[in-house]
Amino acid sequence: MHQPHALNVDSIRSTLATKVLGHRIDLFDELSSTNVEATSLGHSGAEHGTVVIAERQTAGRGRLARVWFSPGGVNIYCSLVLRSHLPANRLAEWLSWLPLIAALAAAEAIECVTSVPVSLKWPNDLLLSGRKVGGVLCENNQASPSGPFQVIGIGINVNMKVEDFPAELRASATSLWNETRILVDRNRLVAQLLFEMEQCIEELARHGPPQLALAYQRRCSTIGQLVRAGLADGSELTGYAESISRDGSLRITTRSGTHPGTVIEIRAADIVHLRS
Ligand code: BT5
């Protein structure tokens with residue numbers, strides 16, 4: 001029988017081991033987008049660590065106004081409100097690493113709960129067997145009257161069947177159920193996700209990115225690959241992904257363009273892993 005348990009705040013709390021994240025958890029049957037709700041809460045002063053979860057989203061968002069397919073009762077759609085008290089000179093580092101460490105934390109949570117190995121496609125796609133099992137959308141609200149805050153949105157395909165994806169996603173997307181045939185307890189996975197997020201956020205705030213960068217790079221299947229990068233200005237380049245820079249950029253040795261062999265660092269792009 002394929003009947004996942006419903007999400008439930010008491011069940012999440014029964015295994016929640018965080019200090020701050022999740023002190024407030026707002027759970028909804030349906031939202032347009034948990035990021036929209038978390039942003040609205042942030043503007044009205046919600047504290048650091050507030051969590052918004054929905055059973056389904058009617059307008060789930062990806063990056064660059066793309067759509068996140070969000071059917072009800074089977075997956076995780078979760079957003080966190082974060083307020084950092086870092087000095088201004090560390091803000092850029094904080095903002096550039098948040099999406100990467102959110103993906104890292106989600107991968108570690110999935111692996112802890114299911115024992116399946118999750119890899120990361122730079123910057124923040126979660127991959128299982130080379131297909132996308134989750135994604136992260138970070139939004140910065142620097143100029144809010146309630147004070148600056150960030151929203152981290154995480155979507156994980158948990159118990160949905162692959163045939164329930166729209167046709168255009170069936171070849172590129174997967175779910176934990178699809179890979180393991182085990183129904184995952186989403187309440188337990190949410191609790192683990194919040195725990196891993198808190199660990200990563202504390203590490204970033206206290207010690208900066210070095211250790212997290214190592215952990216991220218170990219998990220990142222983009223490194224060492226021939227990739228095609230679609231850049232914000234609509235241009236594309238092909239090259240070998242070498243490493244992650246100190247600021248979280250992807251360092252690529254180009255193979256295409258006017259100067260092949262040049263090392264460049266890209267801060268934002270859509271990456272496709274090509275076979276070399
Ligand atoms: C992402 O964007 O991967 C970020 C996804 C973040 C979703 C969470 S859910 C909770 C929170 N609330 C929100 O409204 N959003 C966040 P991007 O890298 O732009 O990838 C989007 C692309 O992934 C789409 O254009 C599709 O090709 C594909 N896609 C859409 N839904 C998918 C799904 N459920 N599983 C796998 N791939 C999907």
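**Entry 1: the sheet**

I began with an open sheet of five strands, paired antiparallel in the order β11-β10-β9-β8-β12. Strands pair here if DSSP finds at least two bridges between them. Strands (E, at least two residues) and helices (H or I, at least four) are DSSP runs, numbered from the N terminus. I noted β11 (263–266) and β12 (270–274) at the edges; each has a single partner strand, so one side of each lacks a neighbour in the sheet. Ignoring direction, neighbouring strands of this sheet are turned by 45° against each other on average.

Before going on, I wrote down that this is a predicted model, where local features need pLDDT of at least 70 and side-chain atom pairs count only at pLDDT 80 or more, while totals for chains, interfaces and linings use all residues. Residues are numbered from 1 along each chain as its sequence is written, and side-chain values use heavy atoms, with hydrogens and water left out.

**Entry 2: β8 and β9**

I found five bridges joining β8 (residues 226–230) to its antiparallel partner β9 (residues 236–244). R228 sits opposite T238 in β9. R228 also forms a salt bridge with E236 (3.8 Å, N to O); the term asks for a side-chain nitrogen of Lys or Arg within 4 Å of a carboxyl oxygen of Asp or Glu. E236 is exposed at 55% relative accessibility, whereas R228 is partly exposed at 30%. My cut-offs: buried is under 20% relative accessible area, exposed over 50%, partly exposed in between (1.4 Å probe, protein chains only).

How many salt bridges does the rule give? I got a count of 16. One of them pairs E93 with R246 (3.8 Å, N to O). E93 belongs to helix α3 and R246 to the loop between β9 and β10 (250–254), so the pair ties together parts 153 residues apart in sequence. R246 is exposed, at 60% relative accessible area. I also logged E265 with R251 (3.0 Å, N to O); E265 is in β11 and R251 in β10, so this pair links parts 14 residues apart in sequence.

**Entry 3: α3 against α6**

Last, I checked helices α3 (residues 91–114) and α6 (residues 210–219), which pack at about 60° with axes 10 Å apart. Axes are lines fitted to C-alpha atoms, for helices over the stretch in contact, and angles run from 0 to 180 degrees between N-to-C directions. Contact residues (heavy atoms within 4.5 Å) include W97 and L100 of α3 and Y216 and R219 of α6.
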